[in-house]
Amino acid sequence: MSGSVVDNTVSSGNSSAAIPTDVSGQILDLDEDDDLEVFSKDTTLTDGSSFNASMQTSPASMINQYKFEEDADTKDIFVTVDNPESHVTAIETYITYRVMTKTTRSEFDSSEFEVRRRYQDFLWLKGRLEEAHPTLIVHPLPEKFVVKGMVERFNEDFIETRRRALHRFLNKIAEHPIFSSSEDFKIFLTAASGELTSHKKQGPGFLSRMGDTVKAVAAAVRGVRNRPQEFTEMQEYVEAFSQKIISLDKVTQRIVREQKEYLEELKECGPTYALWSQSEEELAEPLKNVAGCVDRCCKETEEQVKNLSDHLIPVLHEYVLCADTLKAVLRRRDNIQADFEAKTEALATKKANRDTESKVLSLAWASLVGRSPEEVKQQKLKGEIKEMRDDLDKAEDRLEWANNALKSDWTRWQKVMRTDLRSAFVDTAERNVSYYEKCLAVWESFLHSQRTDAEGNGKVDFS
Amino acid sequence: MREREMQSRGTDMPTQERKLLLKKMEISVAEAEKRTGKNAVNMQETYTVYLIETRPVDAASEGTNPVPDSLWRRYSEFELLRNYLLVTYPFLVVPPLPEKRAEFVWHKLSADNMDPDFVERRRVGLENFLLRVASHPDLSSDKIFYSFLTEENGWKETVFETGFQAKADSRLKALNATFRVKNPDKRFAEMKHYGDELQSVISQLLRVRARAADRLYGVYKVHGNYGRVFSEWSAIEKEMGDGLQSAGHHMDAYAASVDDILEEEEHYADQLKEYLFYADALRAVCRKHELTQYELEMAAQDLTSKKQQREELATGTIRTFSLKGVTSKLFGQETPEQREAKLKMLETQIEEGEELVKERNAECEEFVKSAWVDIERFKEQKDHDLREALISYAIMQISMCKKGIQVWNNAKECFSKM
């Protein structure tokens with residue numbers, strides 16, 4: 001079964017590689033070890049029906065788990081983040097947010113939960129999800145704090161922007177078919193603070209995490225040899241997308257800056273008209289009116305600038321971070337593949353060594369002694385090879401799983417990205433329309449007042 | 001645009017002022033051209049000339065549509081005309097010329113006098129000047145003005161022959177000198193103060209407006225970057241591509257729309273500028289009134305002192321201080337013959353003085369009467385014109401908002417197809 005799946009994912013047109021791409025054939029070809037091969041395989045892999053969310057299982061069954069359409073009717077968990085509060089202790093001051101959950105899922109003990117969480121807790125959750133699913137795409141968290149904007153951590157606007165981002169983050173997790181079933185996610189939503197703290201400590205040890213990192217770095221240094229075309233295309237897309245979204249972020253920030261400067265100048269116009277009206281008699285009323293109109297337009301402009309900052313920029317910024325996440329995910333996938341390729345090469349080398357040695361042995365000692373030191377050595381080699389083969393199988397499965405997980409999540413991510421950015425831009429366009437409509441009304445009311453005034457005095461003919 | 005200008009500025013006047021040159025004659029400044037020639041010190045210079053076209057009003061209605069009469073004038077000739085009018089009609093608020101150099105510019109506009117946009121706006125301003133003069137009840141019948149419009153050659157000489165320059169020089173000297181009027185006419189003092197305020201507030205408004213225009217330009221133009229990025233982004237997307245691409249086009253359109261918007265606003269700024277310079281003309285009338293008042297007071301003062309001298313001489317008492325008085329006290333009084341002669345001289349001077357005071361008084365009264373009529377006319381014109389300007393500003397803002405609504409609605413449609 002694994003053979004057929006491997007064919008789909010690993011095969012590529014690149015025939016100049018040192019290691020043949022269809023590795024499964026190579027493994028099965030070694031006749032003496034056929035019986036060993038069969039026994040060493042992990043039997044749970046052949047059973048596609050047992051599914052445990054937090055364990056890696058057969059890729060085929062994984063694919064079936066992905067729901068691409070999240071209908072409102074099938075949504076069975078609702079999460080909100082609100083009500084930021086400041087906490088002061090002897091050591092530090094920090095903000096907590098209220099996280100409310102409403103759900104009908106059976107794995108939850110109750111249907112409603114309310115807990116308080118701080119930013120660190122969100123960071124922890126994200127880390128856990130990334131660790132458990134290295135090639136799935138976790139939505140980014142808002143950054144720790146914005147240095148270049150010189151925003152204080154406790155500034156109201158900053159807190160509100162962060163709150164919205166945290167809300168989006170949790171909802172993205174809740175909407176994700178894999179993540180939303182994560183045990184860590186459930187604990188995050190439901191555990192009391194003390195419980196959460198102790199659960200956090202139970203995670204895989206720091207050292208084991210270190211071990212994984214070291215291995216990953218080693219693999220990364222080696223590099224992947226035969227990356228499948230679709231992942232190369234993905235990488236190219238991510239590069240380009242990253243550039244575009246960064247540009248959009250920059251352009252939008254520039255617009256905000258220019259509008260703020262425009263606003264500064266506009267704010268002086270109204271008072272100047274008002275000042276003028278004080279020297280006039282007949283003109284006093286229309287001038288005061290114009291002053292009022294300009295002031296009202298100023299207020300609308302101020303609101304429009306705030307809208308851009310509060311709504312469009314955070315979303316664009318999130319997708320800038322997403323691009324980085326995607327790059328990291330692709331790197332991790334590459335590392336998994338590199339690890340597999342390294343193990344494959346090592347096993348082949350070991351086997352080649354054993355073959356060479358065994359030839360020498362049979363020529364010289366076979367008839368003379370029987371069980372010689374060299375035969376013992378052979379036995380040891382056989383053991384080592386078996387171990388390596390087991391390792392390799394695991395690496396192969398890991399790769400298969402990683403590739404399929406990534407492919408499915410990639411499709412999912414693209415849909416979500418499209419929805420998010422579309423609605424962000426539609427929203428912005430709507431707000432701009434509303435801004436111009438309000439200003440239009442302001443000036444039309446001025447015209448109207450002048451019309452009724454003038455026609456009353458018989459002065460001006462508007463025809 | 002020009003038609004609209006002519007209508008709104010020159011001919012939209014109450015009917016009693018229609019006995020005007022403008023009723024009989026169509027006037028326009030049709031074109032501008034660059035010329036090179038030798039100037040007064042025989043050096044090469046480049047300058048712009050403007051084509052003035054005139055045509056009798058009836059001709060157009062007859063349907064024959066004859067070719068208009070035309071001649072070329074440069075800015076300095078307009079200035080000469082205006083200076084002549086200023087000196088000849090000191091009690092009138094003489095319409096101003098468009099600015100000599102571009103001021104209150106925002107970055108996109110060039111401050112260069114040769115810049116085609118500047119030249120075009122100046123052409124409009126010069127036409128406006130001529131229309132204003134031609135619709136003024138007193139100025140429109142001036143012969144020098146008429147020949148300015150109709151006689152290309154020799155006009156300058158004609159102007160100088162009027163001798164206005166002499167009057168101009170003396171008046172200028174007097175105006176620049178500081179003098180104090182003992183009994184200032186309250187109305188004129190208030191008018192002068194108003195002129196000061198108007199000039200100050202319009203300057204401020206023009207400055208602020210120019211800065212705001214600069215910023216608004218930036219806002220719109222940056223949106224053009226959206227167009228570029230959307231277009232590039234659409235190349236890597238499958239389903240989103242079309243929506244992005246078309247949204248990008250609308251962003252480009254939005255960025256481009258600011259040019260027209262700001263050009264229209266320049267016309268509004270020009271209308272304000274005209275009244276900025278009108279404020280100056282108003283103040284000039286007030287100062288000239290002060291001068292006439294001052295001259296009257298001087299003459300009256302002189303007369304009074306002469307009368308007193310006569311009295312002293314006649315009665316032998318010295319009340320007024322004079323050097324003669326002091327020396328005569330010191331060195332003895334004069335002979336009766338000398339006294340007789342002096343008295344006779346004083347009598348003559350007093351007679352002349354009284355004539356002068358009567359003259360000056362009449363001048364003053366005449367000035368006040370004419371000036372006040374014109375100031376009232378000016379006030380009405382100003383209130384009307386500036387109200388129109390404010391209304392046209394509102395209309396411009398409305399147009400800008402409508403364009404914005406259209407563009408963003410279009411963009412929204414494209415975005416929803418992403």
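## Two helices of chain A

At what angle do helix α5 (residues 119–132) of chain A and helix α6 (residues 156–175) of chain A pack? The angle is about 30°, and their axes lie 12 Å apart. Axes here are lines fitted to C-alpha atoms, for helices over the stretch in contact, with angles running from 0 to 180 degrees between N-to-C directions. Helices themselves are DSSP runs (H or I, at least four residues), numbered from the N terminus. α5(A) and α6(A) are therefore roughly parallel to each other; angles under 35 degrees count as roughly parallel, over 145 as roughly antiparallel, 65 to 115 as roughly perpendicular and the rest as oblique.

The crossing of α5(A) with α6(A) is left-handed, a term used if the near helix is turned anticlockwise from the far one by less than a right angle, with right-handed used if clockwise. On the α5(A) side the contact (heavy atoms within 4.5 Å) uses A:Tyr119, A:Phe122, A:Leu125, A:Lys126 and A:Leu129, and on the α6(A) side A:Arg162, A:Leu166, A:Phe169, A:Leu170 and A:Ile173. Eight of these residues are nonpolar, none polar and two charged. For these classes, Ala, Val, Leu, Ile, Met, Phe, Trp, Tyr, Cys and Pro count as nonpolar, Asp, Glu, Lys and Arg as charged, and the others, Gly among them, as polar.

## About the model

This is a predicted model, in which local features need pLDDT of at least 70 and side-chain atom pairs count only at pLDDT 80 or more, while totals for chains, interfaces and linings use all residues. Residues are numbered from 1 along each chain as its sequence is written, chains are lettered from A and ligands numbered from 1 in the order in which they are written, and side-chain values use heavy atoms, leaving out hydrogens and water.

## The largest cavity

A cavity is a set of points, on a 1 Å grid over the protein atoms alone, where a 1.4 Å probe fits but cannot get out; lining residues have an atom within 4 Å of a point. Grid points are joined across faces, edges and corners, and a volume is the space filled by probe spheres set on the points. The count comes to eight cavities of 30 Å³ or more.

The largest cavity holds about 420 Å³. Its lining has 36 residues, with A:Tyr262, A:Leu266, A:Tyr435, B:Leu216 and B:Met400 nearest the centre. Helices of chain A and chain B supply this lining, including α10 (229–277) of chain A and α12 (336–416) of chain B. The most comes from α9(B), with nine residues. By class, the lining has 27 nonpolar, seven polar and two charged residues.

## The second cavity and its helices

The second largest cavity holds about 230 Å³. Among its 16 lining residues, B:Pro98, B:Glu99, B:Arg121, B:Gly125 and B:Asp270 are closest to the centre. α5 (116–134) and α10 of chain B each give two or more residues, and α5(B) gives the most, with seven. Seven lining residues are nonpolar, two polar and seven charged.

α5(B) and α10(B) also pack with each other, at an angle of about 45° with axes 12 Å apart. That makes α5(B) oblique to α10(B). Their crossing is right-handed. B:Arg121, B:Asn128 and B:Arg132 of α5(B) meet residues of α10(B), among them B:Glu266, B:Asp270 and B:Lys273.

Methods:
1 Å grid on protein atoms, 1.4 Å probe; cavity = no way out; pocket = protein on both sides within 12 Å on 5 of 7 lines; lining within 4 Å.
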